[in-house]
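Here is a short briefing on a ligand site and the annotated positions that go with the entry. Take a look at the structure before reading on.

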Amino acid sequence: MNEPNAFRFQVNLGGMIDILSNHLYSSPKVFLRELLQNATDAITARRKSEPGLAGEISVELVGEGSGSSLVLEDNGVGLTEEEIHQFLAMIGQSSKGNRDFLSQEITFIGRFGIGLLSCFMVSDEIVMITRSAQEGSPPLEWRGKADGTYTIRKLEIEVAPGTKVYLRCKPGCEDYFTPGRVGELLYHYGVMLPYPIRFQYEGGLQTVNEHIPDWLAQPDVIRTRKQEALQFGRRLLGETFTECIPLQTSSGRTGGIAYILPYTVNLNAKKTHRVYLKQMLVSEKAENILPDWAFFVKCLIWTDELQPTASREGFYENERLDQVREELGDSIRRELIRMSAYEPDRLQSVIRLHAHSMKALAAEDDTFFRVIYKWLPFESTYGQHTLGELMERSRKLGFTRTVDEYRQIAHIAKAQSLLIINGGYVYDAELIDRLPEVCPDVEVEQMASTDVSLAFGDLSEPERHQYYEALRQADAILQRFRCRAELKRFQPESLPALYLASKEYNAMRSIELTKQESTPLFASILTNVSNRYHEAAYATLVLNLNNPMIARLFAADAGAMLPTALEMLYVNALLMGHYPLRKEELSLFNEGLLRLMDLGLNGNN
Ligand SMILES: Nc1ncnc2c1ncn2[C@@H]1O[C@H](COP(=O)(O)OP(=O)(O)OP(=O)(O)O)[C@@H](O)[C@H]1O
């Protein structure tokens, strides 16, 4: 039998570059990151056999904008001709040998063998002059083109070991070839690099990473040098901060600074942090490096133990990352606990801005909850207060589980000085529920709208007789809404009527509201469902005899006025309780209003 022919895959380099530039890298600017990274790796590799070598990276911009060139030189390990064929010209092949994703040892930053291709986003050709540090290696010139071809030639010149990369500005990329932009990007990516980077351009020379901040080795020093650390954060993250927290893992291999955001952020806000691997910025948008609750900080993190993904915009989810995330979270938690003991005012101002984050953390961590519960703010019928302040007012705290329930009873509870907390926002009810574990002398009780009726005063026997007939009429008027009328006395006087509904009734109401917006088929299914609730479903309109208008309505023979007045009171009570209105209730309100105006005008005539 004939052997099938074996062919090699061909790579369309143009297509490959398009994939990288449009789908892998967030912007062409990353070419400078990749070049700095290669230079750093090359120096690190050479220092393995020559530990005393002082690494150096120099960048030169010749000209500006179109027609200009950028040259990046390092005194690293260089490349032999064989290595060029094997690593440089082979896409996806790297000399850096740490492909093992589980490896704990990360010597080099690069490892995918694709980084250099990013240079094609800003230049049509990459020219490299390199001389390997191996004894007797000749200087070589490699020219790689975006069409996938390359040439190599030996050079008859004297050069020291190392590599020089030349890029000529491609039309449309002029912005990346100006001194301002190059200087800014070099700082951005290389400010923490251990090897000095010098940048030369027409009329200027600057050292990018003159002072490597010493909090890299010991993040704790920012406690005594806060202003410096805040300024560092402003330069790198472009925001003005007033608070920062040192971060460090137990291995000492990951550290950083967490800057507390000076404004309140949404629970779902994207959390992005800037991460330096081996002191080189690899990720500006790392999302997965801190616990979810830490959405109130923006961090600078440096590590030598995490594996970046090929795009560098995240890190591989593995046990190591889990541990780092946990320990960085611990650093933040510990600092907040420390503040509670020594700088409570500082902690309180953080809580005021980031209550949501603090509650998320307290919900997850009992110790933290015990430390900060007093300062957590809650909405209550006594206003917006911290739990500590509310507990000073009463050792018995009522709370609701939903915002709707709270709204339905807040006005009446307020009038009766009943302390009820709105537990409807995320984490709130959960935390209140746990309060007695922390403060055994505090009682908490979940309240439903039907519970406030406990504070209603019954009518006297003669009153009951007096209003019997009017109440019967009122009951009949409200029957079509499956609502009963009751006459009571309660506070505040200004509230004429209160709408109370059982859970079943509320369920039925919301099914009916959905029915009004559904297709006929779905509506008939919903009818079957809501029928199940009919038996148990009831609502009550409690009319307040303390209210002068209700007193007049029931005392006098209201006659023609009674049905309209009751319907209006019913709709008004629904609105006060924040219940959504059904179609017929809305039209009732409109018609009722007109009818009352009509009656009023006729009466006045
Ligand atoms: N300045 C340099 N000095 C020495 N060798 C270099 C230099 N730049 C590139 N190389 C060689 O070229 C290879 C390919 O580089 P490239 O940037 O494409 O990938 P990488 O750095 O290995 O991995 P990654 O894609 O993760 O950055 C490297 O593995 C290295 O062997």
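The points below cover the ligand shell, the annotated residues, and two of those residues in detail.

This is a predicted model. The ligand is surrounded by 23 residues. UniProt, in an unreviewed entry, marks four positions as "binding site": E34, N38, D74 and T163.

**Ligand shell**
- The closest residues to the ligand are A42, S94, S95, G110 and G115.
- Two elements give two or more residues to this shell: α2 (30–49) and α3 (81–88).
- Helix α2 supplies the largest share, 5 residues.
- By class, the shell holds 9 nonpolar, 10 polar and 4 charged residues.

**Annotated positions**
- The "binding site" annotation in the UniProt record covers E34, N38, D74 and T163.
- These positions spread over 130 residues of sequence, yet they cluster in space.
- Their largest C-alpha distance is 14.1 Å.

**D74**
- D74 sits in strand β2, residues 69–74.
- D74 counts as buried because it has 28 C-beta neighbours inside 10 Å, and the cut-off is 20 or more.
- Leaving out residues up to four places away in sequence, D74 touches A39, A42, I43, I57, G162 and T163.

**T163**
- T163 belongs to strand β6, residues 162–168.
- T163 also counts as buried, because 26 C-beta neighbours lie inside 10 Å.

How values were computed
Residues are numbered from 1 along each chain as its sequence is written. This is a predicted model: local features need pLDDT of at least 70, side-chain atom pairs count only at pLDDT 80 or more; totals for chains, interfaces and linings use all residues. A residue is near a molecule or strand if its C-beta atom, placed from the backbone, lies within 6 Å of it. Helices (H or I, at least four residues) and strands (E, at least two) are DSSP runs, numbered from the N terminus. Ala, Val, Leu, Ile, Met, Phe, Trp, Tyr, Cys and Pro count as nonpolar, Asp, Glu, Lys and Arg as charged, and the others, Gly among them, as polar. UniProt positions are given in the numbering used here, feature names are shortened, and annotations may be inferred rather than shown by experiment. A residue is buried if 20 or more other C-beta atoms lie within 10 Å of its own, exposed if 12 or fewer, and partly exposed in between; C-beta atoms are placed from the backbone. Two residues are in contact if their C-beta atoms, placed from the backbone, lie within 7 Å.
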